[in-house]
Amino acid sequence: MTTRVGVVTFPGSLDDRDAQRAVRLAGAEPVALWHRDKDLHQVDAVVLPGGFSYGDYLRCGAISRFSPVMDTVIEQAKLGMPVLGICNGFQVLCESHLLPGALTRNDSLHFVCRDQKLRIENNGTAWTRDYSVGQEIVVPLKNGEGRFVADAHVLDELEAEGRVVARYLDLNPNGSYRDIAGISNAAGNVVGLMPHPEHAVEPLTGPTTEGLGFFTSVLKQLVNA
Amino acid sequence: MARVVVDVMLKPEILDPQGQAVQRALPRLGFTGIADVRQGKRFELELEGPVDDAALARIREAAETFLANTVIEDYTVRVEEEAK
């Protein structure tokens, strides 16, 4: 049976089609999910894509967090369904309190767009099994509010529990605390990532194909589950 | 109609790059002697009914769950004079 990975489209999402393509290239069936629909259509995992959901009004991800589809995503994530939030999706996961902390305005105040080197810090999550710990990858990064912040005790807890999934190498593009590029929840099924692995899955359009591992990882996770 | 104002500010320990940019621009424009600037949000809520305890409690709940992200922001709620 083909694994079905849902990709939510909110008004203002713009990387939903890229995420769907990455899912397809990884060998799963992408399923388009609509923000007003509570039904997840029997998907096995969900990707919350990048973009500017609801125009980023109020705060990034603050309004989409209360969309009907998120009621079900939050409920299923708590039951163990793998959920990956990329960029705006990461912001939605923090606003949903599925992940701790918050994403704030880049310290430079500038929107940053670059090919970013990362180090994978934990390959025990649903979305990073196909990487090795310490592996360095390059994927695109593009954000204006990508600076991860949290209380010192939350940061210490994330570090102690190995929940820092990826860290920026060489250059911190947005002032993120402790160079954090991505984190997971305690169970490891929910991952939020500021850079964009879905833009690094084909040689024609990405700087590398090193982002594909996030999408192949979840397939392995689901097959083994 | 009554108006309730919700002010939302980044917590003091959270860097406010917008406020800093404004602060750096002020002396260039001749406005000296300003030691710090922080930028926040103000929400003006026009109520349909009276501002009673129940209405204020609902507004505090909205501020807590939606208008402010209490991970990084503080908020205050206050009643303004009757709107015209």
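**View 1. In β9(A), Tyr168(A) is the bridge partner of Leu118(A).** The model is predicted: local features need pLDDT of at least 70, side-chain atom pairs count only at pLDDT 80 or more, and totals for chains, interfaces and linings use all residues. Residues are numbered from 1 along each chain as its sequence is written, chains are lettered from A and ligands numbered from 1 in the order in which they are written, and side-chain values use heavy atoms, with hydrogens and water left out. β6(A) and β9(A) run antiparallel, and three bridges join them. Strands pair if DSSP finds at least two bridges between them. Strands (E, at least two residues) and helices (H or I, at least four) are DSSP runs, numbered from the N terminus.

**View 2. β6(A) also pairs with strand β7 of chain A.** Strand β7 covers residues 136-143, and eight bridges tie it to β6(A). These two strands run antiparallel. Look for Asp115(A): its bridge partner in β7(A) is Pro140(A).

**View 3. β9(A) and β10(A) are joined by three bridges.** The pairing is antiparallel. Val164(A) has Ile183(A) of β10(A) as its bridge partner.

**View 4. The sheet of chain A is open and has nine strands.** Trace them in order: β2-β1-β3-β4-β11-β10-β9-β6-β7. The pairing is mixed. On average, neighbouring strands are turned by 25 degrees against each other, direction ignored. Helix α1 of chain A, residues 16-26, lies across β1 (4-9), β2 and β3 (45-48) of that chain. This helix runs at about 175 degrees to β1(A). Angles run from 0 to 180 degrees between N-to-C directions, and axes are lines fitted to C-alpha atoms, for helices over the stretch in contact.

**View 5. A salt bridge links Asp170(A) and Lys117(A).** Their closest N and O atoms are 3.6 Å apart. The pair connects distant parts of the chain, 53 residues apart. Asp170(A) sits in the loop between β9 (164-168) and β10 (180-184), while Lys117(A) belongs to strand β6 (residues 112-120). A salt bridge here is a side-chain nitrogen of Lys or Arg within 4 Å of a carboxyl oxygen of Asp or Glu. By this rule, there are 25 salt bridges over all chains.

**View 6. Chain A touches chain B.** Contact (heavy atoms within 4.5 Å) takes in 17 residues from chain A and 16 from chain B. The buried area is about 1,300 Å², with 66% from carbon and sulfur atoms. In chain A, Leu58(A), Arg59(A) and Leu109(A) lose the most area to chain B, together 37% of what that side buries. Buried area is the accessible area (1.4 Å probe) that two parts lose on being put together, summed over both.

**View 7. One salt bridge spans the two chains.** Arg59(A) forms it with Glu73(B), and the closest N and O atoms are 3.7 Å apart. On the side of chain A that touches chain B, β5 (102-104) and β8 (147-149) are the elements that give two or more residues. That side has eight nonpolar, four polar and five charged residues. Nonpolar means Ala, Val, Leu, Ile, Met, Phe, Trp, Tyr, Cys and Pro; charged means Asp, Glu, Lys and Arg; the others, Gly among them, are polar.

**View 8. Chain B has an open sheet of three strands.** The order is β2-β1-β3, and the pairing is antiparallel. β2 (41-47) and β3 (73-79) are the edge strands. The twist averages 20 degrees from one strand to the next. Seven bridges pair β1 (residues 2-10) with β3(B). Val5(B) has Arg78(B) of β3(B) as its bridge partner. Helix α2 of chain B (residues 53-67) packs on this sheet and touches β1, β2 and β3. Its direction makes about 160 degrees with that of β3(B).
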